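Reader: Before I use this model, could you take me through a helix, some ring contacts and the enclosed space, with the cut-offs stated as you go?

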Amino acid sequence: MNRMLFPGYSVGIDAYDDIKNICPAYGKKAAIIGGERALKAAADKIIAACKDAGIEVIGPFLYGGEASYKNVDKIEPQAADADMIFAVGGGKAIDTGKALAHRTNRPFFTFPTIASTCASCTGLAIMYNLDGSLDQYEFSKVPAKHIFINTQIIAEAPDRYLWAGIGDTMAKYFECTISSRDAVPSHSDAMGIAISSMCADPIIRWGEKAMADCKANTVTYELEEVVLGIIVSTGFVSNFVQVDYTTGLAHAIYNGFTMVDSVEANGHLHGEVVSYGILVMLTVDEQFDKRDELYRFSRSIGLPTRLADIDAIAGDLPTVTKKALAGIDVRVFPYTVTEEMIVKGIMDMEAYDAEHRND
């Protein structure tokens, strides 16, 4: 049986005010762990809210720039006296704090300062090597106790993170529905699959407006709906649904591109590359109408639709496909995925983009 606890969440410009209502039940000392930009934006606000709650702050500590076990090793002794972990920032910062909490069996709370992934809501931590290549997925059925989503901080963050979050979020719907196609899912899985449409429909409906609002550093209804889709809807699907249904070919393709030096060197984001992987996956799966709709949306906000958009070339594909199939992402799929199938999907997508780019 897939049993998962679900976090509560506070959302809005005053979300941190709820620290005093939520966190004192878990102890008196909190270690704050995050990225440099995230801590600059949020640490003072969190520390002030902790003071009001009677919670002593240990840190803040920089997470080290990569969600790696070596960085967890460095932070662990620094945070040893804390009763709880406050993980602040984007997915990699949050997953570092999450991995530390898992290792030391302490409750943790998340404070997303960008809306780029559902990391704040799930028990899953995606761990990397220090060179940026994928290490492994760390699974736990224990997610954050509570998520504090300050939408003003997210609106003032670089809009490229929201942009990438939109790409990663849509994958949850398309991967869930494809991976589970031939299954008879359990109640928990079926619930998650049913709500996975909340990871695509609202994003496509409000995504372009939300991007404009984020560029203007303005909190609006549309921005908040997209942020909740990225962080909460996607996280709840991940928590309901077994991992073989919540991942798929789009993430396998992303994992493949982590091995391409030019992709890493040019700073392409997780969700950005995943969004390209969705287009390839829909092409492989012959869902051409869905592919066309998503292509138009991706073009409207500048998400990648061809290899050149992620600084990759056809010559990279042998490395990409080998890595893509080395993990768990397509071990449950309606059909066996081969390297040749991925290459054909990518090259078909190249031809499609060339034909439709100026439409």
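The questions and answers below take these topics in turn.

Author: This is a predicted model, in which local features need pLDDT of at least 70 and side-chain atom pairs count only at pLDDT 80 or more, while totals for chains, interfaces and linings use all residues. Residues are numbered from 1 along each chain as its sequence is written, and side-chain values use heavy atoms, with hydrogens and water left out.

Reader: Which helices do the buried residues of α7 pack against?

Author: Helices are DSSP runs of H or I with at least four residues, numbered from the N terminus, and buried means under 20% relative accessible area, exposed over 50% and partly exposed in between, with a 1.4 Å probe and protein chains only. In α7, which spans residues 187–195, the buried residues are Ser188, Asp189, Gly192 and Ile193. They lie on the same side of α7 because they cover an arc of only 130° around the axis, the arc being that of the directions from the helix axis to the C-beta atoms, whereas His187 and Ala194 are exposed on the other side. Taking contact as heavy atoms within 4.5 Å, the buried residues of α7 pack against α9 (221–240) and α10 (243–246).

Reader: What is the angle between the planes of Phe86 and Phe111?

Author: Rings of Phe, Tyr and Trp (its six-membered ring) pair if their centres lie within 6.5 Å, and planes under 30 degrees apart count as stacked, over 60 as edge-to-face and the rest as tilted; a search of the whole structure finds 12 such aromatic pairs. Phe86 in strand β4 (residues 84–89) and Phe111 in strand β5 (residues 108–112) are 25 residues apart, strands being DSSP runs of E with at least two residues. Phe86 is buried at 0% relative accessible area, as is Phe111 at 0%. Their pair is tilted, with 4.9 Å centre to centre and a plane angle of 45°.

Reader: Which residue's ring lies under the charged end of Arg291?

Author: A charge sits over a ring if NZ of Lys or CZ of Arg is within 6 Å of the ring centre and within 35 degrees of the ring normal. The charged end of Arg205 sits over the ring of Trp206, 5.1 Å from its centre. For Arg291, the distance to the ring centre is 3.9 Å, and the ring belongs to Tyr352.

Reader: How much space lies in the largest cavity?

Author: On a 1 Å grid over the protein atoms alone, a cavity is a set of points where a 1.4 Å probe fits but cannot get out, and lining residues have an atom within 4 Å of a point. The lining of the largest cavity includes Gly89, Pro112 and Ser120. With grid points joined across faces, edges and corners, and volume taken as the space filled by probe spheres set on the points, the space comes to about 30 Å³.

Conventions
On a 1 Å grid over the protein atoms alone, a cavity is a set of points where a 1.4 Å probe fits but cannot get out, and a pocket is an open set with protein on both sides within 12 Å along at least five of seven lines; lining residues have an atom within 4 Å of a point.
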